[in-house]
Amino acid sequence: MCGIIGYVGFLDAKKTLVDGLQTLEYRGYDSAGISFFTENGIETIKTTGKVSVLRELVEAQADGVISTCGIGHTRWATHGGVSDTNSHPHTAGKVTLIHNGIIENYQELQKELAEKGKTPVSQTDTEIAAMVIDDCYDGNPEEAIRRAAAKLVGAYGFCIMFEDIPETIYAIRSGSPLVAAHTKNGSIIASDMVALVSHANHYFVLKENHIAKITDNEIIVKDEYGNIYGPTIHHISWDVGAAKKGGYDHFMMKEIHEQPEALRNTITPRCLNGMPDFSTDQVSDEIFQNIDKIVITACGTAMHAGLIGKNMIERLARIPVSVEIASEFRYQNPIVDKHTLVITISQSGETADTLAALKLAKSKGAKTLSVVNVKGSSVARESDYVLYTHAGPEISVASTKAYTVQLSIMYLIAFRLAYIAKQISEEEAKMYMEHLNSVPNQVEEALSFDNQTENIAKRIAKANSIFFIGRGLDHALSCEGSLKLKEISYIHSEAYAAGELKHGTISLITDNVPVIALATQPDVYAKMISNVQEVRSRGAKVILITDADASVDASLCDHQIVLPETSPLFTPFVSAVVLQYIAYYVSVEKGLNVDQPRNLAKSVTVE
């Protein structure tokens, strides 16, 4: 959840840390802080507020202080309120650390420490972790970390400094991500590659329960048995410019415009001789054979991509699919076995609930396939097979390009499954792939709808509630459109299957309540228009989104958006752009922080 970074090298550690935290601020922005070695020991500067506030403090309080080793943290509060005291880093005795994750048994550990006369000054689980490590420390840092880790229950990524071991950082993780790189300017470790790209074009993922010792001239990794381990080095295929706004006002708008490229990068490698093909992913057809059902499990936006995937797989492959919220799936004693394919979807590959659902599915003998964006991530490593989306970094908390590339993977899976199951012919599979290969161009066309959607946003920005309705694929997409709107505009928003309106929800429709109606599917178009007439007759302000072939009476809606011409099965891609635009411009119209909506963080690495 939080952003963490550690640096040891030949540059100004203070500046390097604060600059790194600036890139990680999307992971949490309640407070920020750094600790760094000086000739007088470890000094800590931390504060509530954004990294910009921390930067001013560091410049004021540590100007001229020389340091080449330190750790930094930007926080998304879980345990303890937002305060300077609860901000990271935390120090206990000789130990100073930063933490991404959550310690579930911190109360029990706090009681044990209290019996030894040791009490925390903050209300955080992180300080308890620091106290436990310090309590275990007798001069051997790795032994102390291992002994402490054995006592901790939960998820954590720690960067740790010991007061009597200068110019050295230790790191360990369990559940929470950590990536690291050694460069000519020193060594750097962080919770996200975004903090590495200005320093290195390569990285490795620290494995769970491995300990990294980070110095200016090397990073030594030891496994759980104390043996030196040579990690796998990955190449970063995008540069520092990808982590900046690129001239746009917000990351979200930049990432909306990156969708055509991200889609091409995701689809093109999976098209061989016109057929859907996963051979470059080392995903064999075996995983799609001898299965009698599919479970898709994910959270938030990724789960909404799963809803579209369910529709497409059932429609084409005729295999029953259920979509399960990952945070619920693991507690339901789900019915899965060796004939079940469990597909997990996670942009970061570190979503705690999704990872737990994946592990549960594997324990029950299910085949597992994951759709993730980050190579070497926890979900990727845990899965039998992985399909990587090639979206590059997504900085805005509200997911845009990550969603549409997830959709493209679900379509590819549906096509391949249907072909293997002999539900579609080779000719039909190639036809579907031809349509999918056209999607990036159609999304580019949809990017020209910015002015139209901005004008609509200005007319609905003052609404207290907004409703989305649709049927079939349109309903699945409307769930995502509603989420986008509510998370960055703070307007109450709900999505409904249009046919359900009359079963109670229509009582909420009154004069000038905005209703965004998606009507792009010919087989239910007439029914959808009837539902639009129902809300219109009750005073709703209707924004109607249709395909290019639809014929609409002008009196039926206040605004109509006609999508670029595409096959009905593929309208979710272009419709998604329109709904992203509407959410974006409503947030801008209200003067809100588009990229960092309140109470939210990008990567949810705790339950």
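1. Lys254 counts as buried because its relative accessibility is 6% (buried is under 20% relative accessible area, exposed over 50%, partly exposed in between, with a 1.4 Å probe and protein chains only). Its side chain meets that of Glu258 in a salt bridge of 2.6 Å, N to O (a side-chain nitrogen of Lys or Arg within 4 Å of a carboxyl oxygen of Asp or Glu). Glu258 is likewise buried, with a relative accessible area of 19%.

2. The model is predicted, so local features need pLDDT of at least 70 and side-chain atom pairs count only at pLDDT 80 or more, while totals for chains, interfaces and linings use all residues. Residues are numbered from 1 along each chain as its sequence is written, and side-chain values use heavy atoms, with hydrogens and water left out.

3. The structure holds 19 salt bridges. One of them joins the side chains of Asp285 and Arg416 at 2.8 Å, N to O. Asp285 lies in the loop between β16 (275-276) and β17 (293-298) and Arg416 in helix α12 (residues 401-420), so this pair ties together parts of the chain 131 residues apart in sequence. Helices (H or I, at least four residues) and strands (E, at least two) are DSSP runs, numbered from the N terminus. Arg416 is buried at a relative accessible area of 12%, whereas Asp285, at 27%, is partly exposed.

4. Arg55 and Asp19 form another salt bridge through their side chains (2.9 Å, N to O). Distant parts of the chain are linked by this pair: Arg55 is in helix α2 (residues 51-61) and Asp19 in helix α1 (residues 13-24), 36 residues apart. Both residues are partly exposed, Arg55 at 23% and Asp19 at 27%. Shared partners join Lys15, Asp19 and Arg55 into one salt-bridge network.

5. Glu127, in helix α4 (residues 125-136), deserves a look. This residue is buried and has no salt bridge; Lys46, the nearest side chain of opposite charge, is 7.5 Å away (Lys and Arg count as positive, Asp and Glu as negative; His and the chain ends are not counted). The Glu127 side chain does make a polar contact of 2.5 Å with the side chain of Ser122 (a pair of N or O atoms within 3.5 Å; within protein, one must be able to donate a hydrogen and the other to accept it, and residues adjacent in sequence count only if both atoms are side-chain atoms). Beyond four places in sequence, Glu127 is in contact with His90, Pro120, Val121 and Ser122 (heavy atoms within 4.5 Å).

6. His88 and Pro89 are joined by a cis peptide bond, with omega about 0°; Pro89 lies in the loop between β4 (69-75) and β5 (90-92). Asn209, not a glycine, has a positive phi of about 70° and sits in the loop between β11 (202-205) and β12 (211-214). Tyr490, also not a glycine, has a positive phi of about 65°, in the loop between α15 (473-489) and β23 (492-497).

7. The structure holds zero disulfides (a disulfide is a pair of cysteine sulfur atoms within 2.5 Å). For Cys299, the closest cysteine sulfur is that of Cys479, 15 Å away and therefore too far for a bond.

8. In helix α16, the buried residues include Tyr525, Met528 and Ile529. The buried residues of α16 pack against β22 (465-470), β24 (514-519) and β25 (541-546).
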